[in-house]
Amino acid sequence: MNSQKEISFLNPVCDDAPQIYELIKSSPPLDLNSRYAYMLVATHFAATSIVAKVEDQVVGVVSAYCLPESPQTLFVWQVAVDSSMRGKGLAKQLLEHVLKKSPNARWIETTITPSNSASQKLFKSIAKTLHANVEVLPFFSKSLFKEDAHEDEELYRIGPF
Ligand SMILES: CC(C)(COP(=O)(O)OP(=O)(O)OC[C@H]1O[C@@H](n2cnc3c(N)ncnc32)[C@H](O)[C@@H]1OP(=O)(O)O)[C@@H](O)C(=O)NCCC(=O)NCCS
């Protein structure tokens, strides 16, 4: 991927769903969900989600939605950046674009496994930029994942900002 080319930040459209699926598939340790789930991201949750594109290629994605019972809380579900584009601030830029699209948000929530230090650093970095606190709470216990080998998913709550 040529990093010199211009990057566009856009709300996803349904036709992006197959590329979002492939990007998540190539971004361990993220859980790969069904193709249908990414079609929902690109339709029902398109207004609060963002893709980064170079020409027509999806090179980054943040899927997010406002919590139905707490609309000032933006829940960030998955963040992925193409491996050739990492380490250049793209994930942080994606999150900044997501926040611009949700001007009423005062909190970000996300879940992160204890071993995903890249994701922890990313969210702590965005909290620092927002001058906001980060609270880490237990959320989905690994026992809920049953036969899947999966770590706990801890809740990171950032805000208010
Ligand atoms: C996590 C991921 C999205 C980061 O993307 P990225 O574009 O490389 O991240 P950025 O360059 O925007 O970095 C943002 C911050 O996180 C830090 N960071 C990112 N990756 C890191 C790593 N592997 N190790 C340590 N710190 C890291 C950066 O140093 C930066 O901190 P700073 O703003 O204080 O300088 C990317 O590595 C990825 O897609 N990983 C696989 C999927 C995944 O784990 N997603 C996260 C789940 S929510």
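Predicted model: local features only at pLDDT ≥ 70, side-chain atom pairs only at ≥ 80, totals over all residues.

Author: In soluble globular proteins, nonpolar side chains tend to be buried together. Here the largest nonpolar core has 36 residues, and those that touch the most other members are Ile-20, Val-62, Val-76 and Leu-94. Strand 4 supplies the largest share of this core, with 7 residues.

Reader: Which residues does Ile-20 touch, leaving aside those up to four places away in sequence?

Author: Its partners are Pro-12, Tyr-38, Val-41, Ala-42, Val-51, Val-58 and Val-61, with residues up to four places away in sequence left out.

Reader: How should I read the sheet, and in what order do its strands lie?

Author: Strands of a sheet pair through backbone hydrogen bonds, in either a parallel or an antiparallel manner. In this model, 7 strands form an open sheet with mixed pairing, in the order 1-2-3-4-5-7-6. Strand 1 (7-10) and strand 6 (134-140) are the edge strands, each pairing on one side only. On average, neighbouring strands of the sheet are turned by 25° against each other, direction ignored.

Reader: How many bridges join strand 3 to strand 4, and do these strands run parallel or antiparallel?

Author: Strand 3 (residues 57-67) and strand 4 (residues 70-81) run antiparallel and are joined by 8 bridges. Ser-63 stands opposite Gln-78 in strand 4.

Reader: Which strands do helix 1 and helix 3 touch?

Author: Helix 1 (residues 17-25) packs on the sheet and touches strand 2 (50-54), strand 3 and strand 4; its direction makes about 95° with that of strand 3. Helix 3 (residues 90-101) also packs on the sheet, touching strand 1, strand 2, strand 3 and strand 4, and its direction makes about 40° with that of strand 3.

Terms used:
Residues numbered from 1 in each chain as written. Pairing = 2+ DSSP bridges. Helix = DSSP H or I, 4+ residues; strand = E, 2+ residues; numbered from the N terminus. Axes fitted to C-alpha atoms, helices over the stretch in contact; angles between N-to-C directions. Contact = placed C-beta atoms within 7 Å. Core = buried A, V, L, I, M, F, W, Y, C linked by C-beta atoms within 7 Å. Buried ≥ 20, exposed ≤ 12 C-beta atoms within 10 Å, placed from the backbone.
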